[in-house]
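Dear colleague,

I am passing on the structure below, together with some notes on what came out of going through it. Please read them with the coordinates open beside you.

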Amino acid sequence: MARTGTEELRRRNRAALVEQLHRHGPQTRAELTEALGLNRSTIGALAADLAEAGYVQETTGRSTGSAGRPSTLAECVPKAATVTAVEIRVDRVRFALVGLGGEVLERAETALDGADPVDAIEVVTGGTARDALEAVAAVPGLVDAGEVAHSTELGWAGRDLAGDLASATGREWQVVDTATAAAVGEWSRGDAHEATKLLYLHGGRGLTAGLVVDGLAPRGGSIQLGHIVVQPGGRECACGLRGCLEAEMEVFGYAEDIEYATLAAGMGDAAARDGLRRSGEDLGRALGAVVTATGPDEILFGGWLRELYLSAAAPVRSALAETTLPHLRSRLRLRTPVLGDEGALIGAAETGFATVVDRMR
Ligand SMILES: [Zn+2]
C-alpha cells in the first residue's frame with residue numbers, strides 16, 4: 001500500500017513539474033521549488049528522472065544574484081510530446097504541430113474551395129497527426145462528445161466529426177468548439193490567466209461563445225450566442241426560431257464591414273451609426289442572458305465581434321447593465337483578446353496538452 005502511495009505521489013509530482021515548465025517556460029530549481037511547494041532535493045530528483053525519460057533538459061542558464069553564479073535551468077524538450085491542432089473554418093483549415101513547452105514546430109493552412117474539411121486534414125497536417133500524442137480539432141458550432149450538433153458556419157447538424165476524422169487519419173481526435181478553444185488559448189497563453197470564469201465570444205459566420213473555468217473547458221461549455229432570442233417574434237432565423245441575435249443584428253459579418261460602418265458613422269452617416277448602436281444593444285442584451293446564466297468574471301470579444309465591441313462598447317455595456325444583476329456586473333471585465341486570430345489554434349493545442357499531462361498523473 002505504502003509503495004503504491006509513493007509511486008502515485010511521484011507520478012503526480014512529475015506531471016506537475018512538466019505542466020509547470022510547459023506553461024511557464026524554463027525555470028531554475030529554486031523557482032520550481034517555490035512554484036510547486038516541494039523541497040529542493042525532490043525537485044532535483046524529479047528533474048533528473050524527467051531528463052532521463054526525455055521530457056526535460058537542464059541547461060546552464062542565466063546568472064542569479066550578485067555572485068553571478070549561473071544557475072541550472074530546466075526546460076521542456078519540445079519533441080518529447082507533440083500535439084496536432086487544427087482549426088476548421090468555413091473556407092480553410094489551419095494546422096499547427098505544437099511541442100511540449102508550447103513551441104510551434106510546424107504550421108500550414110489550406111484553402112478548401114468548397115471541399116469537405118475532413119478531406120483536407122491529411123494534406124494540411126502532412127500526416128503528422130499519427131505521431132502526435134493528441135490531435136485536437138477546433139470547429140465553430142455546438143460541440144458535444146466529438147459530435148457537432150449544430151454549426152451555422154459550416155451548415156452541419158449532428159455530424160460525428162471525431163468519427164470522420166478518425167476514419168480519415170487512423171487515430172483518435174478530440175473536438176472542441178472554436179470559441180471554447182480560443183478561451184483556453186487566451187487563458188493559457190494570452191493574458192487572461194487571472195480569470196476564474198472566462199467567456200470568449202467568437203464572431204464568424206455565426207456567433208458562438210465558450211466558457212472555461214480555471215482554464216479548463218467543461219463538457220458542453222459551448223454556447224450558441226447567435227441563437228439567443230433578443231426580439232421575440234422577430235425576424236426569422238436560419239435555425240427555425242424567430243428574433244435570434246444573428247437574425248436581428250443589423251451590422252453583422254466581417255471585421256471589414258464593421259470597420260466600414262464605423263468609418264461611415266464617424267463621417268456622419270446616421271444609418272450606420274444607428275445600425276452599430278442597435279447591434280451593440282442586441283449583443284449586450286444576449287450577453288445579459290449568458291452572464292446571468294454563467295457568471296463569468298471576464299468576457300473577450302473575438303473574431304469580428306472585436307471590431308463591433310471597439311465601435312459600440314457603450315451600447316453593449318448599457319444593454320448589459322439593463323439585463324444583468326449588479327453583483328454579477330460589478331466584477332465583470334470586458335475587453336478584446338490578445339492572441340487575435342491565433343487563439344483557437346493555440347487553445348486546441350493546449351486542450352491536447354491538458355490530456356497529455358492528465359495521462360502522466
Ligand atoms: Zn437562430
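Two strands are taken as paired here if DSSP finds at least two bridges between them. The model is a predicted one, and the notes that follow should be read with that in mind.

With pairing understood in this way, strand β4 (residues 82–88) and strand β5 (residues 92–99) run antiparallel and are joined by seven bridges, and within this part of the model T82 stands opposite G99 in β5. Both strands belong to an open sheet of five strands, whose order is β6-β5-β4-β7-β11 and whose pairing is mixed. The edges of this sheet are formed by β6 (104–111) and β11 (174–177), each of which pairs on one side only, and neighbouring strands are turned against each other by 20° on average, with direction ignored.

Two helices are placed against the sheet. Helix α5 (residues 161–169) packs on the sheet and touches β4, β7 (134–139) and β11, its direction making about 135° with that of β11. Helix α6 (residues 178–189) also lies across β4, β7 and β11, but runs at about 90° to β11.

Leaving aside residues up to four places away in sequence, Q20 touches G25, Q27, L32, A35 and L36.

Definitions and conventions
Residues numbered from 1 in each chain as written. Predicted model: local features only at pLDDT ≥ 70, side-chain atom pairs only at ≥ 80, totals over all residues. Heavy atoms only, no water. Contact = heavy atoms within 4.5 Å. Helix = DSSP H or I, 4+ residues; strand = E, 2+ residues; numbered from the N terminus. Axes fitted to C-alpha atoms, helices over the stretch in contact; angles between N-to-C directions.
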